Amino acid sequence: MYQDFDQKHIPSELIRIEGVSKSFSGVQALREVSFSIAPGQVHGLVGENGSGKSTLIKILAGVLSPDRGALFFDGQPFRSVSPKRAIRKGIQVIYQDFSLFPNLSVAENIALVSEVARGAWRVDRRRVRELATRGVRLLGVELDLDALVENLPIFQWQLVAIARALVQQARLIIMDEPTTALTRIEVDSLLKVIRSLRDSDIAVLFVSHKLNEVCNVADRLSVLRNGSVVANLDSKPFDPLGVAELMTGRPPGGRTVRDRPDDRRVLLSVSNLARQGAYSDVSFDLQEGEVLGITGLLGSGQTELAMGLSGLLPAETGRIELDGKDAVIDGIQSALDLGIAYVPEDRLREGLFPKHSVLENLLAASVERSCGFLSFIDFQKFKGIATAWVERLSIKTSSLDLPVETLSGGNQQRVVLAKWLSTEPRVLVLNNPTAGVDVGSKTEIHGILQQLAEQGCGIIIVSDDLPELLENCDSIRVMSKSRLSERLTAEATGEDQLYRMLIGEVH
Amino acid sequence: MIRLKVSDPHTRLLMAMTVAVFLAMSLLKPGVFLSWNNLRSISFQFPEFALLALAVSVTMLTGGIDLSIVSTALLAASAGAILQTQVFENPSSLAATGLAVAAIFAVGALCGGVNGALIVHLRIPPILATLGTMQLFSGLTIAVTGGTALYGFSDRFLFLGNSSILGLPVPLVIFVLLAGLTGLLLTRTGFGFKLYLLGGNPRAARFSGINSAQILLRTYILSGVLASFAGLIMAARSNSVNADYGASYLLLSILVAVLGGINPDGGFGRISGLVLAVLSLQFIASGLNMLRFSSFAKDLVWGGLLLVVLAVHQAVKNRRNRATGPLVAEDKR
């Protein structure tokens, strides 16, 4: 019959998900999700935090089994999926943390998993090397096979993880938010690598909420909202703004900065600030109510500078003036006493106490000064303060006693913000304030920052999200090789120009 | 985590266990276990041990540990013993007894301060720092006592270990007061609030401007002082100080702390849980003793109980995790 003929063809779909639903203790995480991924295609999966992306990845990886619905692989029903069976079928997931062994070499990381899976009893160095070489060649990049993974920049971790997937005969590589920790140049190279995978007939599921990147690289696109697929888009080009609207269900926000007079009082004045190996010769003024953006390639010293202003990496030389008076910042306490607060980048490790309650998290930064060593805590007062912040920043939580880790990313970030705002800062320094936050929350967080600026708070946003800076800042400075550029006004600077400055084409 | 809540599943489990053990022992040996004498003897026995568990618990809440508690207790007690037996002419006077007691606390606080300084200023991991001071303090104890038992305390001093106030054994009164104060300190003061946060995520605590060094230092001093109270009771109860006394207490107090729900990674755990754990273990020990089991049976049952409680606790957590999603066993509650 026709079947023989059909099998000669490359199947038009590698994996198909049909009517998959999944709920966790009454919460519907996925609702009747259907779409299919074709071999040699980059399939974008976008959705806000909490829209069900992670659950879907876990179902594809065999970690979770769906309550209803079915998976088909090569047109065959794929039942009782387990992680092992999923890997045998060629489904590889690259999680955000890459799951690499930092203490092993690149070659070992690429080859060992498949060697173990093969049931090898001992490590055959030659074979490991061969496998690793093959993996790197498939990827088409240069990697030092003998380097320890812990010494590599994050971008190369990503490459090692992809190479590892390739030597395991991957047919579908799922990448969970692969660009979170990458700078723009690195993102560009990653997208190039992904396109080359497509040429060797490997399918990629690119899961992200960075719409520009997804729209750029994907051949097809599925949009998740509240656990349902609201759109399957089959042909390019994709319009990021349109996708954002599909994803959030509301029209996207525009530039949030209003015109502000340029001659306000100088709040913070920094001259020739330097710290060995961190930042050097940094000078700038920050006016009352000004939003200053600082950007730079990873490792250019912008995080160090932010930590310097907030006392975590205090300057060794230079001068800081606050309100025209000399200020000494030699530790986080002195920065806080002066009213300078720092919102760190790594929410779960630096910003929050994940297992502790929302209340405790909200008060963590102000308790040092509001409450002495042996003085009793007025829990009624604490509750009042916490409730006020929950309302003011519309943090969605059913109780102040819930562990903050149970909140969604956007709400967690608001808790971090509130925690710092409760110290009543005059200068707020934020490091990538909307990393890993969904589009809706991002807009609201930007709104909060603008409101603060309106009230006279000076704001410094360190970010590698250029559109974010252009939308929110009055002025922008680029940091490169530990030094800060001249002041640029956001209105007069385009994204392209900023990007070219960033990579050093323009000075 | 701030307020004492009986709704906490671990505390509920412990409470049920304590009541069950108490009822079982009362039913098995009704005349003996429930007798006034037995309850009295229990209340003399457990406070010294419970205070050591309390001492190690406060450090575990910060994510650290204090392995030097028993050595601290003995070094502090020997300071008191030397004052009592060799220095003062009239050791029974109120002043002499008071000074001996004060010396015990001072030595305890000093030992804790040494631990804290090693951990805070030299950044030695707590487990190593206190392992070192454990050896150091017990070496010092042997040096100052000459390796033999010191005995011959004054009557007034012995009162602290052997008498009763209003029918309540003095060691019990001391323990209840200290446990209450510690509980209050942990759950109601700025110090406690910050201590729990520090234990939960030291890095975030630093970024939040919490003065971690100060809190750690004070926590280890508190641990030393609590341990020195245990030393005081030990000395007064047995009328002697011996460098070998209480050697098995160290690991047992860590066991009690973990059984009581103190998370060894820091950040979580309540004093109420600790007290319940101590009580249930003590009831078991005393009951087994009455049932004429060998003293080794106690170790067997205690060890088994710890494993059962941990297993139940983990099973409940695993089931909850399976329901809500996280893949791997979480490292913290």
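The second largest cavity of this predicted model has a volume of about 30 Å³. The count of cavities of 30 Å³ or more comes to two. Lining the second largest cavity are B:Leu74, B:Ala77, B:Met234, B:Ala235, B:Ser238, B:Ser240, B:Val241, B:Asn242 and B:Tyr245. At least two lining residues come from each of helix H4 (69-87), H11 and strand S4 (240-241) of chain B. H11(B) provides the largest share, three residues. By class, six residues of this lining are nonpolar and three are polar, while no charged residue takes part.

The second largest pocket has a volume of about 760 Å³. Its lining comprises 27 residues, and B:Arg123, B:Arg206, B:Ser212, B:Ala213 and B:Leu216 are the ones that lie nearest the centre. Two or more lining residues are given by helix H11 (332-338) of chain A and, in chain B, by helix H5 (94-120), helix H9 (190-200), helix H10 (202-207) and helix H11 (212-238). H11(B) gives the most to this lining, with four residues. The lining of the pocket divides into 13 nonpolar, nine polar and five charged residues.

Helix H1 of chain B covers residues 9-28, a run of 20 residues. From its first C-alpha to its last, H1(B) reaches 28 Å, close to the 28 Å expected at 1.5 Å a residue. Which residues of H1(B) are buried? They are B:His10, B:Thr11, B:Leu14, B:Met17, B:Thr18, B:Val21, B:Met25 and B:Ser26. These residues lie on the same side of H1(B), because they cover an arc of only 160° around the axis. An α-helix has 3.6 residues a turn, so residues three or four places apart point the same way.

Salt bridges form the last topic. Side chains of opposite charge can pair when their charged atoms come close. Over all chains, the structure holds 21 salt bridges.

| Salt bridge | N to O distance |
|---|---|
| A:Asp74 and A:Arg171 | 3.1 Å |
| A:Arg483 and A:Asp281 | 3.5 Å |
| A:Glu368 and B:Lys194 | 3.6 Å |

The salt bridge between A:Asp74 and A:Arg171 links distant parts of the chain, its residues being 97 residues apart. A:Asp74 is in the loop between strand S4 (68-73) and strand S5 (76-77) of chain A, and A:Arg171 is in the loop between helix H6 (154-167) and strand S7 (172-176) of chain A. A:Asp74 counts as partly exposed because its relative accessibility is 32%, and A:Arg171 counts as partly exposed at 32% relative accessibility.

A:Arg483 and A:Asp281, which also meet in a salt bridge, are 202 residues apart and link distant parts of the chain. A:Arg483 belongs to strand S20 (residues 483-484) of chain A, and A:Asp281 to strand S12 (residues 279-287) of chain A. A:Arg483 is partly exposed, with a relative accessible area of 43%, and A:Asp281 is partly exposed, with 40%.

The salt bridge of A:Glu368 with B:Lys194 crosses between chains, from helix H14 (residues 367-370) of chain A to helix H9 of chain B. Are A:Glu368 and B:Lys194 buried or exposed? Both A:Glu368 and B:Lys194 are buried.

Finally, a network of salt bridges links A:Arg265, A:Glu288, A:Asp323 and A:Arg426.

Definitions and conventions: Residues numbered from 1 in each chain as written. Chains lettered and ligands numbered in written order. Predicted model: local features only at pLDDT ≥ 70, side-chain atom pairs only at ≥ 80, totals over all residues. Heavy atoms only, no water. Expected span 1.5 Å × (residues − 1). Buried < 20%, exposed > 50% of the residue type's maximum accessible area, 1.4 Å probe, protein only. Arc of directions from axis to C-beta. 1 Å grid on protein atoms, 1.4 Å probe; cavity = no way out; pocket = protein on both sides within 12 Å on 5 of 7 lines; lining within 4 Å. Points joined across faces, edges and corners; volume = space filled by probe spheres on them. Nonpolar A, V, L, I, M, F, W, Y, C, P; charged D, E, K, R; others polar. Salt bridge = Lys/Arg side-chain N within 4 Å of Asp/Glu carboxyl O.
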